[in-house]
Structures are given as structure tokens and as C-alpha cells.
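Please go through the sequence and the model below. The report then takes up selected local features.

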Amino acid sequence: MSRSAHPAGPRHADVLPEGHYSAPPADLNALDRKVWAQTVARGADGVVTVGGIDVIRLAEEFGTPAYILDEADFRARARAWRTAFGSDADVFYAGKAFLSRAVVRWLNEEGLNLDVCSGGELATALSAGMPAERIAFHGNNKSAQEIERAVSAGVGRIVLDSFPEIVRVAHIAQSLGKRQRVQIRVTVGVEAHTHEFIATAHEDQKFGIPLADGQAAEAVRRALQLDGLELIGIHSHIGSQIFDMSGFEVAAHRVVGLLKDIRDEHGIELPEIDLGGGLGIAYTSDDDPREPHEIAKALTEIVGRECEAARLRTPRISVEPGRAVVGPTAFTLYEVGTVKKLEGLRTYVSVDGGMSDNIRTALYDAEYSVALVSRSSDAAPMLARVVGKHCESGDIVVRDAFLPADLAPGDLIAVPATGAYCRSMASNYNHVLRPPVVAVRDGAARAIVRRETEEDLLLLDVG
Ligand SMILES: *Cc1c(COP(=O)(O)O)cnc(C)c1O
């Protein structure tokens, strides 16, 4: 294993061991269906199109970088989730993945409900006409104003996350003369990431109330005593980018165990169980996500089986996919600014965005794919690192990327599967302007979130 460290530390310019990379793809011009939105295709002229529009035209009209979102794909995925779960379950789209008013309207039209976790997300949802009863309000530290706003608006449920919050929501609801429907979020001691899960994970995290030591049972006792609250169910969310159903199996087993204890102690069967989100998508060709109908079947069977064993009526299930709905629907379109070959070390391809439009690589070591999209190329594959324009050596977009060796300034490259947690986590680092989100459908393109301007920046800076 050879590793040569940069003076700034191994994190900044580590040279990974030989053989770490998968082999270059057989055809650099091919677009793996798994990681690209449904209508993305490479035309006979080599230029990639989405929704029937080529990326060169999109770059001319909207500039780069830009998030290009395939509206037909978004709607199809939303519908697939809705259809998979049918009328006995509810699908709540997790707004934190990406939220805008157009998205709220699409969700509304496709019959999905919506999770929000801040006053800003709630305001966006309400302003775009999402019926309040189809909104769930999450968060481990909702402010009194946020709770008041949510209760007054009439949100369908507030997910209680702590003992102080149980009292807070009850008090606010009562003072508004309302009885708020609530769920209690529990931590079941299951932690799931990608291909593995831990069934005995520490409950050492800021979210939820632990099942351990009877804490969740105590939370239920308190919630049932308060007039301002109507307890409708138990909520559990075990992680993100999950491919393996076994984590959900253990979580469902433990949540149903609590429902049984509640029945035995209080003589009531809570009508709902929420299993959260976290279902994985393909960022690279190595990822193999499951289809919504397989997930629905698995989750419904797991809950049914557990309830039968506990002799409980099967509660209404809800799920909260965010990434699995919006993630695959968008790619980020960048223009190449410089190609820097460091002999014997690495080739750096710098694009006109970076960690301000995609923080996931720096934050989670996330892996992405990338392709040259403004033309095809017969050049040999070149192993490169795609980096941004920020003053930070951790500003990496794609750590290890195979691109054609004739890549040059002015080429457009695209990083697929950036629909979730990219625009929603975007920053203004270096006073870089946040890119627009451009929705493309049937040959028409429009910005659903426009590009930030220098005027926007200066408006916030009040001197
Ligand atoms: C983040 C989150 C989700 C969505 O997670 P995805 O990985 O985007 O599916 C759902 N529910 C809760 C409570 C969350 O915190």
C-alpha cells in the first residue's frame, strides 16, 4: 500500500492504494440507467439530452452550475411509492431532501403527504397549497413559534421528540383550544447505513426517546394524560441510504413490542406506525436499490407478521422516503474550468461549483459518478478527481472519476443523483451564488428555484 501524505494532512490529497478503484467502464459514453434520471439519453450527435432538451441549450439558457431535474421522473417515482403502498398506508415525502413550491404541487397532485422539519419548510408547504392535514412536523428542537404555527395551521401530526416537547405541544394546543394529533418518535437501538445495520446500536443520538429503560413507555403515559394531545402512533427512523430490509425488520419488531405493552397497560391499540425513510438509491453503478413495490411488500409483511404474533390489529403504516423520490431525478451540470495534471500524482478537474452545491462528498465521503455530457469522446479513460472552485482542499465533488483523457476547459460534465441533499444543503461559501433548480419536461425547461444573484447576497448584508 502506498500512501503519500500532503503537508496539509492525509485528508487533503491522499493517494489511495493501487487497486482501490474499480476498473474504468467499458464505454465512457454510456449512461448507466441506474444512476441517471429516466429521460436522460445521449443523442446521435453525442450531446446528452433530458426531457428532450440538450444540455448545451440548458447551459446557455440557465448558466452553470445548475441542478437539472427531470419532472417526469420525479412524478413517476412519487407515483410508484404511492401505488406500491396503496390505500392502507401513507407516503410522506421528506421535504428536507429538496423542497420547493413546484415540488409541493407535484406531491399534492401525485397523492403524497409531506414531512417538514422547520418553520421555513412548513411555510413553503402551506404557500404552495399542501393541505395542512397531510403535513407531518418533525424535529428535535421545534421552537414555540414553530409549534404554534403548525398547530394553528392544523398539521396532521406533530412527531414528538423529547419529554419537554410533549408538554410544550400539549400546552400550546390547549391554549389554542385544539387537540393535536401526535406520534412519539422512539429510538429502537437499530442503526442502519447502506449495506449493514447494527441491531444493538447505542441510543446515543439527539433524535427520539429511547425504548430502553421504559423511557418510551413513560413518554406514552405522559402523552395519554394530556388533554391537548391525541396520540395516534409510534415513529421510528433508523438511518439513511439503506439497502437491506433487516434493519426495518428489527425496528418493526421493537416498535410493535411497544404497541403491545401499551395495549396491555392502557387497554388501547394505537392506530398508526411510521417506519421513517432512509431507503437507498444508486449513486454509482455499484449500488443496487430496491424498487418501491418490493420495499412496500417487505415492510407490510414485516409489520403484519409482528402484529399477528402480538395479537394486535395491524396499524396503518406510513413511510417517509426523501432521497428515494428526488435523489435520482436530478443531475448537476458543471462547466470544466481547468484540467491540472500533477505528474505521478493525480489529475484535478476543476468545475464552476463545488462544496457549496454538493457538500455530501466532503461531509459523508459520499461517492458519485460523473460523465462528459456536451459531446461524446473516443479518448482513453483518465482517472481524475473532480473538484470545485472553493478555497478549501476538501472541496471535492467526485473523489475518483473516470473521464475521457481529452477533457478540456469549456466541456460540460454532469454528476447524476444530486436531487437530494444538494440544493437543500447548499451554502454561500466564498459568496458563491447558489445554483438554480431547472425542471425539464416534454421539451420545456423552467427554473423552479432561480439562481441566486449578487443582489440577493447584498440584500441580506444590511451594513
Ligand atoms: C431524513 C429523514 C427522512 C428521509 O430520509 P431519506 O434518507 O431522504 O429517505 C425521513 N424521516 C425522517 C424522520 C428523517 O429524519
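## Basis of the model

This is a predicted model: local features need pLDDT of at least 70, side-chain atom pairs count only at pLDDT 80 or more, and totals for chains, interfaces and linings use all residues. Residues are numbered from 1 along each chain as its sequence is written, and side-chain values use heavy atoms, with hydrogens and water left out.

## Ligand site

Polar contacts are pairs of N or O atoms within 3.5 Å. A polar side-chain atom of Tyr421 lies 2.5 Å from a ligand oxygen atom. Gly278 places a backbone N or O atom 2.8 Å from an oxygen atom of the ligand. For Gly322, the backbone N or O atom is 3.0 Å from a ligand oxygen atom. The protein covers 92% of the 390 Å² of accessible area that the ligand has on its own (Shrake-Rupley method, 1.4 Å probe).

## Two open sheets

Strands are DSSP runs of E with at least two residues, and helices are runs of H or I with at least four, numbered from the N terminus. Two strands pair if DSSP finds at least two bridges between them.

E2 (residues 48-50) joins E3 over two bridges. Val50 has Ile53 in E3 as its bridge partner.

Another open sheet of three strands runs E11-E10-E14, with mixed pairing. E11 (196-198) and E14 (239-242) are the edge strands, each pairing on one side only. The twist averages 25 degrees from one strand to the next, with axes as lines fitted to C-alpha atoms and angles from 0 to 180 degrees between N-to-C directions. E10 (residues 191-194) and E11 are antiparallel, joined by three bridges. Ala192 stands opposite Phe197 in E11.

## Aromatic pairs

Rings of Phe, Tyr and Trp (its six-membered ring) pair if their centres lie within 6.5 Å; planes under 30 degrees apart are stacked, over 60 edge-to-face and the rest tilted. The count is five aromatic pairs. Tyr283 and Tyr368 have ring centres 5.2 Å apart and planes at 80 degrees, so this pair is edge-to-face.

Tyr283 sits in the loop between strand E15 (272-274) and helix H10 (292-310), and Tyr368 in the loop between helix H12 (360-364) and strand E19 (371-372), so the pair ties together parts 85 residues apart in sequence.

Definitions and conventions: Polar contact = N/O pair within 3.5 Å; in protein donor to acceptor, adjacent residues only side chain to side chain.
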